[in-house]
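Good morning, and thank you for joining.

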Amino acid sequence: MALKAAADELNTFINDFREESGRQRYEASDAERDAMSFMETLKKQVSAYMEEAKRDMKAAGFETTPWD
């Protein structure tokens with residue numbers, strides 16, 4: 001409970017500071033949008049890593065990989 005109260009106060013302070021410095025408020029919907037964007041980027045990176053690791057393992061002579 002105390003952590004949530006502290007987080008809420010910090011968010012309020014940050015948004016007040018953003019407004020004072022001429023920036024838009026960073027709302028919960030912005031945070032959700034950014035988190036989803038991050039997750040999409042992470043999924044792409046993990047997929048690319050797995051494909052590269054499969055290629056490397058097959059090139060090294062492994063018949064199967066953990067992702068087969």
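In which helix is the place of Met50? Met50 is in helix H2; helices (H or I, at least four residues) and strands (E, at least two) are taken here as DSSP runs, numbered from the N terminus. With a relative accessible area of 26%, Met50 is partly exposed. On that scale, buried means under 20% relative accessible area, exposed means over 50%, and partly exposed lies in between, with a 1.4 Å probe and protein chains only.

Let me state the basis of these values. This is a predicted model, in which local features need pLDDT of at least 70 and side-chain atom pairs count only at pLDDT 80 or more, while totals for chains, interfaces and linings use all residues. Residues are numbered from 1 along each chain as its sequence is written, and side-chain values use heavy atoms, with hydrogens and water left out.

I turn to the overall fold. The protein has two helices and zero strands. Its radius of gyration is 21 Å, well over the 11 Å that the globule rule gives for 68 residues, so the protein is more spread out than a compact globule. That radius is taken over C-alpha atoms, and the rule is 2.2 Å times the number of residues to the power 0.38. Along the principal axes, the C-alpha atoms fill a box of roughly 60 × 30 × 15 Å. Of the 68 residues, 6% count as buried. The accessible surface comes to about 6,100 Å², and 58% of that surface belongs to carbon and sulfur atoms; areas come from the Shrake-Rupley method with a 1.4 Å probe, and for residues only the protein chains shown count as cover.

Next, the helices themselves. Helix H1 covers residues 2–20, and its 19 residues should span 27 Å at 1.5 Å a residue; the end C-alpha atoms are 27 Å apart, which agrees. The expected span is 1.5 Å times one less than the number of residues. Just after H1, Gly22 takes a positive phi of about 85°. Helix H2 has 32 residues and reaches 46 Å from its first C-alpha to its last, close to the 46 Å expected. Just after H2, Gly61 takes a positive phi of about 105°. Gly61 counts as exposed, at 56% relative accessibility.

Two C-alpha separations give a sense of scale. Met50 and Gln24 are 26 residues apart along the chain, and their C-alpha atoms are separated by 39 Å. For Gly61 and Ser29, 32 residues apart along the chain, the separation is 48 Å.

I now come to the charged side chains. How many salt bridges does the structure hold? The structure holds nine, a salt bridge being a side-chain nitrogen of Lys or Arg within 4 Å of a carboxyl oxygen of Asp or Glu. Asp16, Glu19, Arg25 and Glu27 are linked in a network of these bridges. Within it, Glu19 and Arg25 meet at 3.3 Å, N to O, and the closest N and O atoms of Glu27 and Arg25 are 3.2 Å apart. Glu19 is partly exposed at 42%, Arg25 is partly exposed at 32%, and Glu27 is partly exposed at 37%.

A further bridge joins the side chains of Lys58 and Asp68, at 3.6 Å, N to O. This pair links distant parts of the chain, with Lys58 in helix H2 and Asp68 in the segment after H2, ten residues apart. Lys58 is partly exposed, with a relative accessible area of 42%, whereas Asp68 is exposed, at 56%.

Is Thr65 buried or exposed? Thr65, placed in the segment after H2, counts as buried because its relative accessibility is 9%. Leaving aside neighbours within four places in sequence, Thr65 is in contact (heavy atoms within 4.5 Å) with Lys54, Met57 and Lys58.

Finally, the nonpolar surface. Met36, Phe38, Met39, Leu42 and Val46 form a nonpolar patch, with about 450 Å² of accessible area together. Patches are made of residues with over 30% relative accessible area and no salt bridge; like charges are joined within 9 Å, and nonpolar side chains (Val, Leu, Ile, Met, Phe, Trp, Tyr) within 5 Å. Leu42 is found in helix H2, residues 28–59, and counts as partly exposed at 32% relative accessibility.
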